[in-house]
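Take a look at the model below. Start with the ligand, then turn to a pair of helices.

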Amino acid sequence: MSELIEILTKDGSYSLRSVSFKENFHSLLGALEETRLKFTDPSNLQRFKGESLNVLDICFGLGYNSASLLNELIRQKSYLSLYALEIDKKPLEYSLRNKSFLKLWSPKVEKIFESLYQKDYFEDQFFKCSLLWGDAREKINIIPSSIKFDLIYLDGFSPQKCPQLWTIEFLSKVTEKLNSQGYLITYSSSAAVRKTLRNLGLEIFTIKPSFNNRTFWSQGTVAISTSDKNTLKPNFNFEKLSVMEEEHLLTRASIPYRDQDLNSSKDDIINRRLDEQLFSNLVSTNKWRKRWGMTKSSVKS
Ligand SMILES: C[S@@+](CC[C@H](N)C(=O)[O-])C[C@H]1O[C@@H](n2cnc3c(N)ncnc32)[C@H](O)[C@@H]1O
């Protein structure tokens with residue numbers, strides 16, 4: 001179904017571009033760097049040293065987020081139950097052929113990925129991993145409702161390119177699976193996504209830009225269940241939203257993506273939202289951008 005083009009990113013790690021989605025899998029600055037800064041570091045994995053955790057990786061792709069997670073957990077001897085959702089087998093097939101990708105991780109990661117590719121499953125004393133192939137909107141229902149996740153990675157293509165995975169209805173299913181101290185982590189700082197997560201009862205934080213990447217005001221979002229606010233430990237990777245980011249949530253950009261029966265096409269979801277924006281009384285996003293001296297490219301979705 002997919003046509004994929006290989007891309008070498010600036011940190012020397014490989015990624016792909018999807019011709020059908022017209023989008024790269026990772027930032028051109030670095031696939032490996034993106035995984036570390038936007039997913040692994042904000043996960044605070046030291047919390048689980050020698051302990052067990054449940055993780056859901058939505059949009060497994062080449063597997064950078066899961067590989068980086070597994071790599072850290074191998075080192076600190078944690079026990080993991082991992083579920084991953086992905087519609088296309090080709091990116092994993094590509095990873096397994098790419099020596100430079102495999103060399104980034106402990107040899108055990110290759111063994112796990114090979115098993116996920118062949119059998120959709122891997123299990124040993126430490127790790128139990130399942131890859132559910134198909135549309136994440138459907139496959140998420142297969143995960144037993146008794147399983148609550150400590151970490152959920154949401155790494156779909158951007159909301160404008162793949163709105164199906166950023167709607168109120170899908171995000172509601174996702175957040176139901178988060179445990180009371182769990183983190184939902186995404187690279188997206190879209191106002192629509194943030195507002196939806198907040199409306200679903202989560203407390204939202206911004207992932208701080210790294211030192212060498214000051215072009216963007218945020219590297220993404222961490223959403224945490226508010227029921228456990230008091231036990232929230234300070235984290236050097238994310239912090240409360242700035243005034244500018246809060247104001248972003250008051251603009252038309254915060255109008256959510258909707259997919260009532262979880263089977264709408266991309267175009268239907270986008271058009272529905274455009275109609276809603278047209279009749280909205282919210283402040284225009286351009287006005288907000290001008291007020292904060294921003295160019296369109298500094299506003300990442
Ligand atoms: C930005 S890439 C993910 C990058 C990935 N985390 C990695 O480390 O390579 C988005 C992925 O979403 C997958 N995808 C697109 N639509 C999907 C859907 N409805 N359900 C599940 N996966 C989907 C694509 O096949 C692609 O692999």
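Predicted model: local features only at pLDDT ≥ 70, side-chain atom pairs only at ≥ 80, totals over all residues.

Now look at individual atoms. Glu86 places a side-chain N or O atom 2.5 Å from an oxygen atom of the ligand. At Cys59 the backbone takes part: one of its N or O atoms is 2.9 Å from a ligand nitrogen atom. His26 also reaches the ligand, with a polar side-chain atom 3.5 Å from an oxygen atom. The protein buries 97% of the 600 Å² that the ligand exposes when taken alone.

Next, the helices. Two packed helices are described by the angle between their axes and the distance between the axes. Helix 3 spans residues 90–97, and helix 5 spans residues 107–119. They pack at an angle of about 145 degrees. Their axes lie 10 Å apart. The crossing of helix 3 past helix 5 is left-handed.

Which residues of helix 3 meet helix 5? They are Leu92, Glu93 and Leu96. Helix 5 answers with Glu110, Phe113, Glu114, Leu116 and Tyr117. This contact between helix 3 and helix 5 comprises five nonpolar and three charged residues, with no polar ones.

Technical notes
Residues numbered from 1 in each chain as written. Heavy atoms only, no water. Polar contact = N/O pair within 3.5 Å; in protein donor to acceptor, adjacent residues only side chain to side chain. Areas by Shrake-Rupley, 256 points an atom, 1.4 Å probe, with all protein chains shown as cover. Axes fitted to C-alpha atoms, helices over the stretch in contact; angles between N-to-C directions. Helix = DSSP H or I, 4+ residues; strand = E, 2+ residues; numbered from the N terminus. Left-handed = near helix turned anticlockwise from the far one by under 90°. Contact = heavy atoms within 4.5 Å. Nonpolar A, V, L, I, M, F, W, Y, C, P; charged D, E, K, R; others polar.
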